[in-house]
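Please keep the sequence and the 3D view open while reading.

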Protein chains: 2
Amino acid sequence: MTTSQKSIGVLGGLGPYAGLDLVHKIFDAIQGERDQDYLPLILFSFPADIPPRVEFLLGKTDDNPGYAMGELFIRLAQAGASVIGMPCNTAHSAPMLDVALDMLYKSGFKGQFVHMIEETGKYIKEHFPHARNVGVLCTQGAYAAKVFDSHFKKFDLNVLYPEAEGRDSLQKAISSPEYGIKAFSSPVTDLAQHSVAMQAKTLVDQNADLIILGCTELPLALTGNTFEGVPLLDPTRILAECLVMAFDPEKLKNK
Amino acid sequence: MTTSQKSIGVLGGLGPYAGLDLVHKIFDAIQGERDQDYLPLILFSFPADIPPRVEFLLGKTDDNPGYAMGELFIRLAQAGASVIGMPCNTAHSAPMLDVALDMLYKSGFKGQFVHMIEETGKYIKEHFPHARNVGVLCTQGAYAAKVFDSHFKKFDLNVLYPEAEGRDSLQKAISSPEYGIKAFSSPVTDLAQHSVAMQAKTLVDQNADLIILGCTELPLALTGNTFEGVPLLDPTRILAECLVMAFDPEKLKNK
C-alpha cells in the first residue's frame, strides 16, 4: 500500500454538521497552499447508529451510546486513524466515553484519543491563567454528567451554569424540532439565537471570566470571539488545533 | 458489529475543502431534523497521497494519480462505503479514473461509483431539455482530457470553453499560490473572482445555454444560481443529490 497508513480520525455524526465543522476547523488550522500540503483525515459520520446522548445521561433510556461510539472508534482506527477526536461535548461524559475508550484500547489501538474537554481546560490555563470562573453553556446531559466539572477541577477552575430554567431553555434551543439549532442550522432561528444569548447573559451576570460554548451546535448561534466583553471559547476549534498538533506539529498554522 | 455496514463514501482531498463542500451538500440534501435522521457517511481526505492531476493530464509528469485514487477507493470500500463519489471534475478524466475504478472493481467491490460528470449530463437532459450549448469552466487538465466532451456527447450536448488565454487565466484563478482559490478560499481574492467572472462572460458571449462550474473550487468564486441570466450548474450539488438518491431515495429532500 502506498497511501498514508496514519491519519487524523474524526468520529462525527454527533450531530452531522458538528462533525463537518470540526473537519473544517482542522483544515483551517493547517498551514497549506497546495492540496498536497494538507494532512490525511478520515471522518466517520454514523448518526443513526448512535442513540441519543442526552436521554441516556438523564436516565430516560438504558441504551448506552458508548457501545456504538466504541465500535466506530475501532472502525476508524482499522481504517487508518492514529489520532482521534470527537466533536461532541456531551459524548465526552464518562458513562459513555469510558465504555467507548475501553473498547478502543482493548482492540489494540496504539494511537491517541484527544479529549476535547481536557484540552479546553489546558487551553484556559495556558491562555487565560487568571481565569477562575468559567461559564459553561451545554446540554442537560453534559450538565447532569458533570463532565466539565470533573475535568476542570484539576485546573482549579470553578464552573458556572445557567439556572435550571435557563438550562432547559438552552436544551430546547439546541434540540427542539420546531426551532432548535440541530433542525435549523443555516440560518439559526431567531428564537434559538435569542435563547442562547439570554443564557450567556446570565453567565456574564454571574461574573464569568470566560464562556465556553460547550455544545458543538452553539458556535452557530453565538458567533464572534466575545459576548458582552467576555471571551467565548469554542472547544471544537481548540480540539482542531490539538489534533493537528498531535498528528504533525510542523503543520500547525499560527504556532 | 451493530453499526451500519453500508455507507456513502466520499473520496475527498482533491482539494480538501472540495471534499468538505460535497459532504456539506450531501447533508443539506437529506431530509433530517434529528441527528439520527442522517445517513451514514465516510470521508477519506488524503491530499498528499494523490499526485497533482492537472500536471499529469498535461503530460508534465508520468505519475498517474489514478493508482492512489484506486487504493483509496478500495480502503473506503473496506471501511464500509457502498456508494462512492469523488468531488473533483478533473479526477474524472479517463486516464486516471479508468485506472482507479479498475482497481476498485477488481478488489471485489459490489457497490456503486456515482460519476459526477455523467450525472451532470443526465441532470441537464432532465432539467434543461432544450439546452444545446453548454459552457464549461474547468482546469487545463480537464480541458486537455476532454472529460466533459466525452460524457456529454451521448446527451447530444455541444461543449463550449473559453479561448486558450482565458483557460490559462482560469487555471491561475484556481491554483495560483499567490491569489488562487485553492490557496485563498475564504474569502476568495478579488483577482480570482474577477478572472472567473471574465471567463464566464466569454461563455455567455458564445451563447451558452448553461454554464457548468466544472472545477470544485469555482462555486466559491461564482455564487448564485445564474450569471448574467444564464443558469450556473454546480456538479458537486448534483453529485450530492445523486449519492443520497443511490443510497436511500426516501431520504432525499425536495424529491
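## Two helices that meet in chain A

In helix α5(A), the residues M116(A), E119(A), T120(A) and Y123(A) meet P235(A), T236(A), I238(A), L239(A) and C242(A) of helix α10(A), where contact means heavy atoms within 4.5 Å. Sorted by class, this contact has six nonpolar, two polar and one charged residues; Ala, Val, Leu, Ile, Met, Phe, Trp, Tyr, Cys and Pro count as nonpolar, Asp, Glu, Lys and Arg as charged, and the others, Gly among them, as polar. Helices (H or I, at least four residues) and strands (E, at least two) are DSSP runs, numbered from the N terminus.

The model is predicted, so local features need pLDDT of at least 70 and side-chain atom pairs count only at pLDDT 80 or more, while totals for chains, interfaces and linings use all residues. Residues are numbered from 1 along each chain as its sequence is written, chains are lettered from A and ligands numbered from 1 in the order in which they are written, and side-chain values use heavy atoms, with hydrogens and water left out.

The axes of α5 (residues 116-127) and α10 (residues 235-247) of chain A come within 9 Å and cross at roughly 90°, which makes α5(A) roughly perpendicular to α10(A). Here an axis is a line fitted to C-alpha atoms, for helices over the stretch in contact, and angles run from 0 to 180 degrees between N-to-C directions; angles under 35 degrees count as roughly parallel, over 145 as roughly antiparallel, 65 to 115 as roughly perpendicular and the rest as oblique.

## The corresponding helices in chain B

In chain B, the axes of α5 (residues 116-127) and α10 (residues 235-247) come within 9 Å and cross at roughly 95°, and α5(B) and α10(B) are therefore roughly perpendicular to each other. On the α5(B) side the contact is made by M116(B), E119(B), T120(B) and Y123(B), and on the α10(B) side by P235(B), T236(B), I238(B), L239(B) and C242(B).

## How the two copies are related

Two copies of a chain are related by a rotation about an axis and a shift along it. Chain A can be laid on chain B by a turn of 180° and a shift of 0.0 Å along the axis, with an RMSD of 0.0 Å, so the two copies are related as by a two-fold rotation axis. The superposition is by least squares on the C-alpha atoms of residues with pLDDT of at least 70 in both copies. In chain A, the C-alpha nearest the axis belongs to L43(A), 2.5 Å from it.

## Where the chains touch

Between the chains, 44 residues of chain A are in contact with 44 residues of chain B. The area buried between them is about 3900 Å², of which carbon and sulfur atoms give 55%; buried area is the accessible area (1.4 Å probe) that two parts lose on being put together, summed over both. On the side of chain A, the residues that lose the most area to chain B are Y17(A), D35(A) and Q36(A), together 16% of what that side buries.

There are four salt bridges between chain A and chain B, a salt bridge being a side-chain nitrogen of Lys or Arg within 4 Å of a carboxyl oxygen of Asp or Glu. R53(B) forms a salt bridge with D35(A), and the closest N and O atoms are 2.8 Å apart.

## Features of the backbone

The peptide bond from L14(A) to G15(A) is cis, with omega near -5°, and G15(A) lies in the loop between β1 (7-12) and α1 of chain A. In chain B, the peptide bond from L14(B) to G15(B) is cis, with omega near -10°.
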